Amino acid sequence: MKFVTRLLAATALTLALGSAASAKTLVYCSEASPEGFDPALYTAGTTFDAASRTVYNRLVEFKHGSTEIEPGLAESWEISDDGTEYTFKLRPDVKFQTTDFFTPTRTLNADDVIFSFERQLKSDNPWNQYVNGASWEYASGMGFPDLIKSVEKVDDHTVKFTLNRPEAPFLADLAMDFASIMSKEYADKLQADGQMQMLNQQPLGTGPFQFLAYQPDAVIRYKANPDYFKGKQPIDDLIFAITTDASVRAQKLKAGECQIMPYPNAADVASMQADPNLNVLEQNGLNVAYMAYNTTQPPFDKVEVRKALNMAINKQAIIDAVFQGAASPAKNPIPPTMWSYNDSIKDDPYDPEKAKEMLKDAGVENLKMKIWAMPVSRPYMLNARRAAELMQADLKKIGVDAEIVSYEWGEYLEKSKAKDRDGAAMLGWTGDNGDPDNFLDTLLGCDAVGGNNRAQWCDEEFDALVKKAKQVSDQEERAKLYEKAQEVFKEQAPWLTIDHSKVFMPMQKSVKGFVQDPLGYHRFDDVDIEQ
């Protein structure tokens, strides 16, 4: 069966590239398979690239290459003086995509917006558990069910969100992937047909590209949406060629089998920069890599143990080996390019002898633990297996026996959320909206335990600081609260903070208009390719 899938994938790519004379085709060598095609169910950038940034739109959007908000499906909005009411005026005549599996009979209206949010907010909504175990990680982790009092239809093209309290990052939150707007008409048809699960398998939205087909772990095919409200895209056909090995992605790029690839091996960057046929974009990533201890499980429930393990690991050696210097050691859970970064905090020193002594003082001997290593390249961690091996060797020096475990990417993300997960899970984050809240509360707040908070860490002082910061409109005051929260984080050490990386994006010189995004998205709207 695998052979057949690969043959189909190869055939699809050959046909697509062979038809380039009649249509513009861009092949993107993506790094992993999406978990699904409903972006509200997930938090991985791989899934967002394949679903929300191709097929869907949001009420408001981030400008290309920026964290600045611009109109999306809403052409304008008003915010009440007390910051608890947001009223959005929808664009008229926005069409949903017409596909082989659904033909819409109406344009976008307020019902679609209400459906898109209420399914995430209300446990009694028939769509709340249409996928078994749906946790709506973003909506839940950011406290949206408690924050949003109501989503109301004022008229067909006006929607009002009423909040239970002011929320400073709320508008930016609505530009995030989980806030993508679905077609209620399509959902109603799936429900009537007893095919609700297809919403996560055959996506249909208003976005620049419409979904054609997915061959699991091989190829995703899209075509330009002819009815896109911003105009048809220059690219006619968009193909995601799923290629998990970074070296193979590089080979395909150089051979012309794809035009863009993400996350090259650090060792390949120099040769790509020297290749006359390639452009290599680069920028400092708005990211962090970390290893989250399960703070509910002994002995990781002891801060002394977590501190000791942090001091045993040589982060600079990881950066040298994995990134060849194109990263910096992380001491805080937010990157230094983000406002409110607390540079006065001192990092845990690399001190194996002190670490060994601290473990002994904590009564911990012959510790056996698991290090979870991601199976895919991410911007903040290009080779998690290699990093885990270096950590394993460092921990052995202080008498800790670490076993490295991994899983397929979707399974890894799901299993690492478990409250009883053993050991320490390596993960990372690229900011979704440019606000510190998207790191501090989304990854470490009490609402995110069992979801994005892989440390299962609920600290009352930390949580109160980040919750208060969300309700304050003055950025200077918010920054002080976040700076204090970073101090609490460092004292309690729920993570080993590993690195903040540079992000490289190699592509053939025939690609025009691609903009590297500080939020880590790979967007193909407004991108063109020379024949």
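In which strand is E152 found? E152 belongs to strand β6, residues 148-155 (strands are DSSP runs of E of at least two residues, helices runs of H or I of at least four, both numbered from the N terminus). The model is predicted, with local features requiring pLDDT of at least 70 and side-chain atom pairs pLDDT 80 or more, while totals for chains, interfaces and linings use all residues. Residues are numbered from 1 along each chain as its sequence is written, and side-chain values use heavy atoms, without hydrogens and water.

At a relative accessible area of 37%, E152 is partly exposed (buried is under 20%, exposed over 50%, partly exposed in between, with a 1.4 Å probe and protein chains only). Together with D81, D82 and E85, E152 forms a negative surface patch (residues with over 30% relative accessible area and no salt bridge, like charges being joined within 9 Å; a salt bridge is a side-chain nitrogen of Lys or Arg within 4 Å of a carboxyl oxygen of Asp or Glu).

Two disulfides are present (pairs of cysteine sulfur atoms within 2.5 Å). One joins C29 to C258, with an S to S distance of 2.5 Å. C29 lies in the loop between β1 (25-28) and α2 (45-50) and C258 in the loop between α8 (246-255) and α9 (266-274), so this pair ties together parts 229 residues apart in sequence. The link of C29 and C258 is left-handed, with -110° about the S-S bond. C29 is buried at 0% relative accessible area, and C258 is buried at 0%.

The sulfur atoms of the disulfide between C446 and C458 are 2.0 Å apart. The link of C446 and C458 is right-handed, with 95° about the S-S bond.

Definitions and conventions. Patch = residues over 30% accessible without salt bridge, like charges linked within 9 Å, V, L, I, M, F, W, Y side chains within 5 Å. Areas by Shrake-Rupley, 256 points an atom, 1.4 Å probe, with all protein chains shown as cover. Lys, Arg positive; Asp, Glu negative; His and termini not counted. Charge placed at Lys NZ, Arg CZ, Asp CG, Glu CD.
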